[in-house]
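User: Please take a close look at one part of this model, the way its pieces are packed and paired. Then place that part in the whole assembly.

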Number of protein chains: 2
Amino acid sequence: MTNYRFEISYDGTRYYGWERQPGKDTIQGKLEAVLSRMTDTEAEIIGAGRTDAGVHARAMIANAHLETALSPEEILAYMNRYLPDDISVNRVGIVSDRFHARYNAAGKLYTYTCYAGASKPVFNRKYVTVLDSVPDIAAMRKAAAHLVGEHDFKAFCSNPKMKKSTVRTVDTIEIIKRKDFIYFDFHGDGFLQNMVRIITGTLLEVGFGRMEPNQVREILEKKDRRLAGPTAPPQGLCLMKVDY
Amino acid sequence: MTNYRFEISYDGTRYYGWERQPGKDTIQGKLEAVLSRMTDTEAEIIGAGRTDAGVHARAMIANAHLETALSPEEILAYMNRYLPDDISVNRVGIVSDRFHARYNAAGKLYTYTCYAGASKPVFNRKYVTVLDSVPDIAAMRKAAAHLVGEHDFKAFCSNPKMKKSTVRTVDTIEIIKRKDFIYFDFHGDGFLQNMVRIITGTLLEVGFGRMEPNQVREILEKKDRRLAGPTAPPQGLCLMKVDY
């Protein structure tokens with residue numbers, strides 16, 4: 001068995017997220033079906049993270065232990081031939097047997113993209129969230145500053161029964177406006193379930209004046225999901241990079 | 001009645017082209033339906049050109065004579081609210097009564113985009129044509145040079161019964177390779193039916209060594225559609241700009 005590392009892009013629009021689920025189209029499910037066919041055994045692929053239904057990835061990293069005579073280039077060609085056209089394998093490489101895409105992930109970069117303009121984002125309408133007006137960028141940056149650093153992000157987690165630690169370190173939150181698009185870049189050591197979307201939803205509340213920037217600190221301290229903003233819709237979110 | 005000028009973007013994937021056709025979804029049809037609703041009369045919109053089924057536009061120009069109390073900004077907001085999310089109005093302005101989007105068009109820029117890489121163009125898969133391998137760019141440029149200038153492009157027109165002149169001037173054909181994408185930029189005073197797609201299909205024949213660059217000159221001279229290459233598929237084509 002050889003351990004292979006994959007870099008994968010996908011348009012998550014029509015999928016029930018990364019994680020394999022019986023009877024449902026998922027990214028992991030599609031990848032495992034192709035790898036199983038290729039190796040004629042039941043293949044398992046481990047992703048760096050589990051993206052939600054409707055969320056995209058430019059460079060998800062995954063690994064799989066496989067028995068095959070094919071070279072990495074041949075595996076790449078085989079997978080791209082049999083995968084649907086909304087999932088692409090960009091790289092395949094051989095890694096140490098001990099490499100684990102999830103446990104070894106040291107950091108992740110997510111980008112949440114919004115559009116706020118008079119026209120409509122025709123060509124990337126599946127990858128952005130359309131806003132009715134332009135939020136206050138300076139206010140959102142102030143609010144975001146409270147979230148940077150090591151914190152207990154329990155208030156920004158959609159799983160109320162989370163038993164493991166909800167402490168995470170967010171290194172940077174950058175909010176950039178370029179033409180009619182607003183990009184929220186989140187880099188951190190890991191993110192809880194829906195955390196990026198709940199933070200984005202909360203920052204937008206601040207951006208639209210429905211919440212004060214300082215309230216974000218209070219939400220963190222009170223650790224209560226109900227105090228944070230709504231979960232921003234999935235289509236604006238994309239996993240950009242995984243660090244090892 | 002006031003004459004309005006529109007700049008429109010659309011993803012042509014699910015449309016039977018620009019031109020209004022009874023019982024079929026077309027760009028002109030969708031626009032006229034919204035304008036008719038807005039003005040409560042039967043509105044007509046004139047486009048700079050008639051794109052084929054499946055072809056896209058970043059900046060189609062159109063005009064319409066309308067009776068409305070709405071300002072250009074309000075017309076834009078109204079149209080974007082009622083148009084489907086694959087059609088966007090980017091600008092609305094008032095122009096001279098004599099402005100005619102088709103007759104006054106002095107030039108057009110079309111881009112045909114191909115992808116030739118080991119992975120797949122997941123996020124713009126609807127806007128590119130995927131090639132199995134990388135064509136010879138230098139050979140295609142040599143072939144394209146024969147087409148630049150004023151020529152009778154009868155061999156590159158899909159309408160065999162074309163009664164009007166098939167003489168057109170193509171100012172530039174630029175072929176650019178950037179990463180795994182190949183862009184064919186065509187600028188000219190006007191293009192015959194399917195002309196850009198037939199030229200692209202012919203250049204790709206040259207690029208894959210199935211035709212010599214010099215043969216293109218012969219095809220022009222013989223004026224026989226059967227000698228030119230196949231019509232490249234519509235999804236790679238986009239109208240980028242119209243000059244006035």
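Analyst: **Domains, a sheet and a helix in chain A**

The C-alpha centres of domain 1 of chain A and domain 2 of chain A are 27 Å apart. The model is a predicted one: local features need pLDDT of at least 70, side-chain atom pairs count only at pLDDT 80 or more, and totals for chains, interfaces and linings use all residues. Residues are numbered from 1 along each chain as its sequence is written, while chains are lettered from A and ligands numbered from 1 in the order in which they are written.

Domain 1 of chain A covers 2-95 and domain 2 covers 107-243; these bounds come from an automatic or database domain assignment. Where they meet, domain 1 of chain A gives 15 residues and domain 2 of chain A gives 12, with contact meaning that the C-beta atoms of two residues, placed from the backbone, lie within 7 Å. On the domain 1 side, seven of these residues are nonpolar, five polar and three charged. In this count Ala, Val, Leu, Ile, Met, Phe, Trp, Tyr, Cys and Pro are nonpolar, Asp, Glu, Lys and Arg are charged, and the others, Gly among them, are polar.

Strand β9 of chain A (residues 181-188) pairs with two other strands. It is joined to β5(A) (residues 107-115) by eight bridges, and the two run antiparallel; Tyr110(A) has Phe186(A) of β9(A) as its bridge partner. Eight bridges also join β8(A) to β9(A), again antiparallel, and here Val170(A) stands opposite Gly188(A). Strands count as paired if DSSP finds at least two bridges between them. The hairpin of β8(A) and β9(A) has two residues between the strands, and in it Lys179(A) takes a positive phi near 50 degrees. One face of β9(A) is covered, with Ile182(A), Phe184(A), Phe186(A) and Gly188(A), whereas Phe181(A), Tyr183(A), Asp185(A) and His187(A) make up the uncovered face. Strands here are DSSP runs of E of at least two residues, helices are runs of H or I of at least four, and both are numbered from the N terminus.

Helix α3(A) (residues 137-145) has Met140(A), Ala143(A) and Ala144(A) as its buried residues. They span an arc of only 100 degrees around the axis, so they lie on the same side of α3(A); the arc is that of the directions from the helix axis to the C-beta atoms. Buried means 20 or more other C-beta atoms within 10 Å of a residue's own, exposed 12 or fewer, and partly exposed in between, with C-beta atoms placed from the backbone. These buried residues pack against β8 (167-178), α4 (195-207) and α5 (215-222) of chain A.

The contact between the chains takes 19 residues from chain B and 19 from chain A. On the chain B side, β1 (2-10), α2 (72-82) and β4 (87-95) each give two or more residues, and β4(B) gives the most, with four. By class, that side has nine nonpolar, five polar and five charged residues. Of the interface residues of chain B, 100% are also interface residues in chain A, so the copies meet through the same surface.
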